[in-house]
Each structure stands twice: as C-alpha cells, then as structure tokens.
There are 2 protein chains.
Amino acid sequence: MEEKLRRLREILREVYVLRRSAALLWWDQATKMPPGGAAGRGEQLATLGRLAHERFTSEEVGELLEALAPAAKEMPYDSDEAALIRVTKRLYERETRKPAEFVARLARHTSESYAVWRRARPENDFAAVAPYLERSLELGRELAGFYEHEHIADPLIAESDYGMNTKRVRKLFSELREALVPLVAEITEKPPVDDSCLLKELPAHEQLAFAAEMVSHFGYDFSRGRQDLTAHPFAVKVSTPQDVRITTRIRPGDLRDPLFSTLHEAGHGMYEQGIDPNLAWTPLDRGASAGLHESQSRLWENVVGRSRECWEHFLPRLKERFPGHFDGVSLEEFHRAINKVERSLIRTDADEVTYDLHVILRFDFEVAMLEGDLEVRDLPEAWRERMKQDLGIEPPDDRDGVLQDAHWYDGIVGGQFQGYSLGNIMSAQLYAAALEAHPEVPEEISRGDFSTLHGWLKENVYRHGSRYTSEEILERATGSGITTAPYLEYLRGKYAEIYDL
Amino acid sequence: MEEKLRRLREILREVYVLRRSAALLWWDQATKMPPGGAAGRGEQLATLGRLAHERFTSEEVGELLEALAPAAKEMPYDSDEAALIRVTKRLYERETRKPAEFVARLARHTSESYAVWRRARPENDFAAVAPYLERSLELGRELAGFYEHEHIADPLIAESDYGMNTKRVRKLFSELREALVPLVAEITEKPPVDDSCLLKELPAHEQLAFAAEMVSHFGYDFSRGRQDLTAHPFAVKVSTPQDVRITTRIRPGDLRDPLFSTLHEAGHGMYEQGIDPNLAWTPLDRGASAGLHESQSRLWENVVGRSRECWEHFLPRLKERFPGHFDGVSLEEFHRAINKVERSLIRTDADEVTYDLHVILRFDFEVAMLEGDLEVRDLPEAWRERMKQDLGIEPPDDRDGVLQDAHWYDGIVGGQFQGYSLGNIMSAQLYAAALEAHPEVPEEISRGDFSTLHGWLKENVYRHGSRYTSEEILERATGSGITTAPYLEYLRGKYAEIYDL
C-alpha cells in the first residue's frame, strides 16, 4: 500500500513535470520566443504532451489505482491520499477512454483548422472554415461517444466542468437569459454613459505598472509570478511552488484593456498560487474546473475591480500616477465609465451585463449542432438572428459574428463556452458568502485592504485545488450548489443604481 | 532497416525534445523566473534529465543500434544515416556505461557541493569545500573507471572533447606554456597600456544595443535568438530550428564586460545556429566538442572582435552611439586598450596572453589530483606557487585563488578545463585557414563585412554539427590536426606590435 502510493506519486510527478514544462514552452512561445523558434515549437509541445499522456495512461498507473482504490474508500474523504487516488482515478478513466489514434487525429485537426481560421477571419471567409468546423463537430461527437451519457454534450461539458451536464447548464442559462435580455433592453433605453474619461493616451509601461500595483494589493504574488505582454492575455502555471505568470496587452488610447485584463488574469493567478503546497507535483495542483477558475478571474475583474469601493482607494492613486489625465474625474463618473453597458458584437469586449448573452448563444448553438438541430451551413444566419433577438444588434459580417472566437476552430465543438458564464454565476455567489462571513470587506476594500477577502477565498476555494469538485467547493463555501440568484441580484442592484432603473 | 532507422529517429526526437525543454527551463531560471520558482525548478530539471537519459539508454535503442551498425558501415561515411548511427552508438556506449545509481549520486553531489561552494567562496573558506572536493575527485575516478583507458584522465577529457587524451593535451599545453610564460614576462616589463578610454559610465541598454549591433553584423541571427541579462553569460539552444539564445552582463563603468561577453556568446550562438537543419532533432544537432565550440566563441571575441580591422569599422559607430564619450580616442589607442595584458588573478577576466596559463594550471592540477600526485589539502598552496611561477602574481586569499571557478565544485574533477585552451589554439588555426582561402577577409572586416568569414566557418565547421569529430572537422577545414603554431604566431605577431617587443 505505502509502496504502491509512493510509486503512483513518482509517476504523477513525472507527468506533472512534463505538463508544467510544456506550459513553460507555451508561455515562452507567447512572450519571448524569437520568430525562428516557431517551426519547431509546435512539435516540441506535441511531443511533451504525448509523453505525459503515455505515462499517465500507462497500464502501471491503472494497476496501481486499481490496487489503491479500495483502501482509499476506507480513508477520510478529505485526506490527501483519498483525494489523490479518487481524482487521479477519475482522470485516468477519462484519459484512457480516448484512443491514442483519436488524440493524434484531434491534435492534427486542431493545428490545421486553427491555421485556416487565422487566415479566414480577417478575410470574412466562413466558407473556408466550414469544412473544418464540420470536422470539429464530428470529433466532438466522436469524443462524446467514448463515454456513456444521457445527452451527447454531457461528456464534453464534463471535460472542463466536471459535475455539470447539459440539463443543469440549460436550466441555469435560461434563468440568466430570461433576466438579462430585458435588463439589457431596459438599460439601453437610458441615456448612454460617458466613458470618455478612460480614452487617454498613456505611457504603456505606466499602465502596466499601475495594473501590477493593483493586483499586488489584491494578493497576486509577484515573487511567484510575473507579468508580460502578449496579443491574447492569459495566466499559466509553469512550475511548483506556484510560479504562475500572467500576461496582458495594451490597446492604444484605452486604459481598460491592460487594466481589466490584468485584474482578470491575476484572479486566475491567485487561484493557482493559493493551492496548498502539499498538493504540488500531483493532478490536484490545479483549479477544480473551468467555471470555478473563471469565477475567480471575474470576481477580481468585475465584482471587486469594477466596484465603487475599489476605486475609492485606487482612483486617487491613478490620478497620482498619470498627472493631468484624470484631474477632474469624480469617483461616480469613473465608476459609471468602467461599467458602461452597450449592445456590442464581440464577446471578449462585452460588459458585464451583455457578456453572458454572448456566451449562452454559443452554448445553445454548440448543443444544437451536436444534437443535429443546427447545421454548420446555417450557423452564420442563426447567429445574426439570435444576436438581433437577444442583443438587438446584428453583425455586419461573419468576421465579427460566427468567426470571432478561436474556440470550435481550434479543437472540437462542445463544452467550450459554458465555463465563462458558470464562472460569472459563481463569482457573485462566492462573493456574497464572503460578505456574509465578513461584512467588513467592502469597507476594507475602500481602504485598499483586500486581505480578508483574499484570505477567505484562499481558505474556502484556492487551497483545495482539485481535491474537491467545483460543486463540493461551492457547497462548502456557500452552503448551496450553484444558483443564479446572487448573481442576478448583484447585476440588478449594481446597474439599477448606475442607470437609475 | 528503413523501419528500424525510423524508430531510432523517433526515440532520438523524444530525447531531443526533453533535452531542449530542459535547456529552456534552464534559460528561464537564469533570466525570467521569479524567485519563488526556484525551489521546484531543480527537481523539474533533474526529472527531465532523468527521463531523457532513461529513454536514450533504453534496451530498445541498444538493439536498434546493434541491428543498424553493420549497414551503417556499408554506407558512405559522410551520409546523414551513417553519421547518425555512428555518433549515436558512441554516445549510447558512453551513457550506458554509467550506472543509473552513479548518475543519481553525482546529481545529488553536484547540487550539494555547489551550494556549499556558493557560501564558501565569499567567506574564503577552503576548509568548508575540501571534503566536497575530495568527493568530486572520487567521483571523477569512479567515472573514469567505467571505461577502458590508458590514463585515468582520458575518459574524462573525452566526455567533452572526444578524440583528445591526456598525452595529446599535455603536449599541446606544454608548447603553449613554454611560449607564454616568457611572452608574459616580456610584455609586463614594458610600460602598461592605458585603458582609461574604456572606463566610462554608459547607459546599460545602449551598451547592450551596441553589442547586439556588432554580433548582428558578425552573423548572429536575432530572428532565431535573443539577448538577455544574467549574472554569468551563456549561450543555449532551446529549440530547433536553431533558436539559440545568448546572455550577457553589465559591469558599471566598464564597456568591456557586456561587449566582449556578447561577442563571445554570439560565437557559440552562431555555431549552433549554423548547423545543417537536416540534423535537427538528433544528437548531431550540436557542436562537435567543447574545444571546437570554444574556438568559435574565442575567434569572434578575440581574433575578430579585438582586431584592429574590426574596430576600423565599429569605432566610428561607437562614437556615434555614445556622443562625447570616445571623441578623442584614436583607433590605435582603442585597439591597445582592448588588448591590454596584465598579470591578474581571475581566469575569466584574463586577457588573451595570460588566459591560457590560468587554464593550463587547472588542467595540470586536475590531472595531478587524479593521478594521486597532488592532495586536495595541498591544492591552495600549490595554486599560489604555480601562479607566482607562471604569472608572477600570488593570490592574497583562496577566494581569488583555488575557489574562483565553479568547476570541480559543481561536478567532478577531471576534463573540466582543457576545452578552453584547445579552443584558443583552434581559433587561430581556423582563422588562418580562412585567410588562406580568402585573403580579402581582413579588408572586408574593416568595411564591416563579415560574410565571407562567417560563410567559410559555416561551410567548414558549423553546418557539420556533430556529424564529424572535432579533429575530423579541423583536418578537413585546415588540412591538419590541432597544432599550436598558428596560435602562437598570432599572439606573438599581435602583441609584438602592440607592446613594441
């Protein structure tokens, strides 16, 4: 038993090293790699991924898990050992169901399809990607077929949001949509918010430094992380103990991009940095699900980062750092500007209120495609109609419609989007629970003290890593499973005030 | 046959990926890693190293090589396949002789001993490292014992300089020493050169940019490389096709450090960048030996980078970039300053004329220790005596004596130093051959055109990678095996002029 556990940990350590090394190669590719490195990097990444997969899905791991499982059931559910064996077994079963041939085929499809999409999007050429999208859909169906399921999308949702399924997500999303469509309509009938105070040409390095100052206050630890510039912001754990790096981007003339993308990625970063070091070198050393991860990026970006309290502390600092640029701007004016709601075309640029409608559209469409109720060729038209219906705006072309996200074109159709809105729902639910435990949090935030909130999140969410499922963490932390009420209440309350509804 | 070769290439590709990934982790550790990453990085590196070693030394590789070797002997010696099988077999035999237990023991010793040395050097505490040095010596003897040998140092020399042995190195080094000791004495009797024109406080980024401009002209390709700052400069290949990165350091008040360390590392970098892309993903995709590698760093740093011709082109550019700092400095004055000869204590800071005496001392001592003719406890005293004898200067303490290099303390005793001076010898031999083929090279250099020289080196040295041994490359390129005559002629000629001998 002892010996078998030791051996299991040894193999998991190797798998972990291979995966974190691939993460560093990936980070390097996005931040530092000279252009001439590109040709070989893809193969390096694919090889490391394959070696990790082979090692993790080896017969030896299967036998060790088989031998250890009965003993694990006797141990306390919370113990490190029980969690390690339980979670590893679940991941092992998921991974071993995928034939190596399928994994290789998917990897080839991914890189071909992504390359085609990169050219097709600027050229507004949906016809060019349509056959690849068909293939992404077939691969999604094929992947789902490796697992028993009630609904064909269930195994694909479970890949990133274990414990969720189509039925539950649909219920949550229909509650959201029913509340958001009228809320957007109500808000956009009001006079638009003036956000011109944000449209400033500011030195890039000062913008980055200010964003870094904010997230340092939040609790992102730069001694175990760093910040770099990339075209698409991301957070990535490259090694243990918790070397978790974030990236951001600059958009000339708009402070929002570097600022809120930094707060967002730092939310992901703090989650990973906060995982119990005892879980290092194992599959437990990562966030519990895509949705729970997103709850942390959105909590720090929006619930905290776009709150009045937060800027009570930081607006004076912003004025100090950029003398002359924000002199006459009041807290109210600034708070309204960073929370401006607009009917817009692009998901990743959308405000808090409209964002989920973009996500739900995509979720509904991928489920419909998997079910066979929506054909790939009908997608652009369906997109336009649904945008008009939910957001009252119609994309003038596919570039800013069905072609806008890399998802679907860089992998499979299925399970790609639900995590974004599940994250929003959970962000408010967790924040409400933190406030119930510590009603002083908003007042602390207005003094620039984020330690109580960060401490509560670390204690109740971060440290667990993947020891528990996302749902278990939520229940422990908030006393209930996922529910939309706190999120809808948060949105309604905040925007009723801003827009005088 | 076809199938076996395909399979061999497949495994070698995986080994290559693991090794290059470790190289990137190492580069990152030295340049970008936040301090909190340090604790886990060592284990990540050790794990990747072990996985690469296990894969390379597997029985399957042995069987494939066994099966392929007879056919390889039938092929043309120059063919890619013959070279791949021949060199892989040699490396396989070398690696498989080392028991895994020994490799692990050496790795543990290395990290412990290095940590002790890092503390002991600033404290001038030889007694603290002496037991570790004893262990390094035992490990060196043990490693030598895995191979048949004439002299105990032979297998250790062959580890990094395959084809060389104690007898040959001793002969070369005694020729060198016999010429250099009197040359140093003769030079240091002359009035010292005034190098005050180099001692300038200049903006760090401008110094780096100037060094980068120089090596770009030499032929270092920044589209397949980059330059960063580190405490100890190095060059490292992190991926194929030839992503080879260099680092340098800044020393306040002295332009020489960033400048010549960049030229040096770019020499290593150009060698690796110049290897035939057909050799990528195999053990042939690296320089042929430590000595030949060093010949390229020293050729570009010294033979070219400290030549009058080179500065005929670059001194005006230096004046432009740093207005006011070098206005009155003549080419003669500058050329003398960058070639100032001094009796000094530290190998890595030594000038061209005294440098090899530092190296030969270390080589002689490691051979003497291996032979049992020199005890570890007698080393500090022996060091002082030999320094006095050869260089006419005595270290006031061990910090700047026997404790100055990490070598010996970060691995084994044996084979650690000969490459530096073999490199110097070969640098002049190769340059002389290039001049014979292209007498126009110095005149081209004075116009800032390095393409003929770079092209000749690429054609005759770089592209071969490890396809041939260092000695084979030298014979093909210069018509003879390694010989000190061109190097001694070069030094004598250059310094006779500078010091009016």
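A salt bridge here is a side-chain nitrogen of Lys or Arg within 4 Å of a carboxyl oxygen of Asp or Glu.

First, some ground rules. This is a predicted model, in which local features need pLDDT of at least 70 and side-chain atom pairs count only at pLDDT 80 or more, while totals for chains, interfaces and linings use all residues. Residues are numbered from 1 along each chain as its sequence is written, chains are lettered from A and ligands numbered from 1 in the order in which they are written, and side-chain values use heavy atoms, with hydrogens and water left out.

How confident is the predictor? The model scores ipTM 0.92 and pTM 0.94.

Counting contact as heavy atoms within 4.5 Å, chain B brings 39 residues to the meeting and chain A brings 39 residues. The size of an interface is often given as the accessible area lost when the parts come together. Buried area is the accessible area (1.4 Å probe) that two parts lose on being put together, summed over both; between chain B and chain A it comes to about 3,000 Å², with 58% given by carbon and sulfur atoms. On the chain B side, Lys32(B), Pro34(B) and Gln44(B) lose the most area to chain A, together 16% of what that side buries.

The rule finds 10 salt bridges between chain B and chain A, and one to look at joins the side chains of Asp243(A) and Arg41(B), at 3.8 Å from N to O. There are also 16 residue pairs in polar contact between the two chains, both residues at pLDDT 80 or more. A polar contact is a pair of N or O atoms within 3.5 Å; within protein, one must be able to donate a hydrogen and the other to accept it, and residues adjacent in sequence count only if both atoms are side-chain atoms.

Which elements give two or more residues to the side of chain B that touches chain A? They are helix H1 (2-31), helix H2 (38-56), strand E2 (235-239) and strand E3 (243-248) of chain B. H2(B) supplies the largest share of that side, 11 residues. Helices (H or I, at least four residues) and strands (E, at least two) are DSSP runs, numbered from the N terminus.

The loop between E2 and E3 of chain B holds Pro241(B), and a cis peptide bond joins Thr240(B) and Pro241(B), with omega about 0°. Chain A has a cis peptide bond from Thr240(A) to Pro241(A), with omega near 0°, and Pro241(A) lies in the loop between strand E2 (235-239) and strand E3 (243-248) of chain A.

Two tryptophans of chain A deserve a look at their backbone. Trp281(A) has a positive phi, near 65°, and lies in the loop between helix H10 (256-273) and helix H11 (290-304). Buried means under 20% relative accessible area, exposed over 50%, partly exposed in between (1.4 Å probe, protein chains only); Trp281(A), at 11%, counts as buried. Trp408(A) has a phi near 80° and is found in the loop between helix H15 (379-391) and H16 of chain A. Trp408(A) is buried too, with a relative accessible area of 2%.

Helix H16 (residues 418-437) of chain A is the place of Asn424(A), which is buried at 2% relative accessible area. Leaving aside neighbours within four places in sequence, Asn424(A) is in contact with Arg298(A), Tyr355(A), Asp356(A) and Tyr487(A).

Some salt bridges lie within a chain. Arg226(A) and Asp228(A) pair at 2.8 Å, N to O; Arg226(A) is buried at 18% and Asp228(A) at 7%. In chain B, Asp228(B) and Arg226(B) form a salt bridge, with the closest N and O atoms 2.8 Å apart. Glu95(A) pairs with Lys98(A) at 3.3 Å, and both residues are buried.

Finally, the cysteines. The structure holds zero disulfides over all chains, a disulfide being a pair of cysteine sulfur atoms within 2.5 Å. For Cys197(B), the nearest cysteine sulfur, that of Cys310(B), is 15 Å away. Cys197(B) is buried at 5% relative accessible area, and Cys310(B) is buried at 0%.
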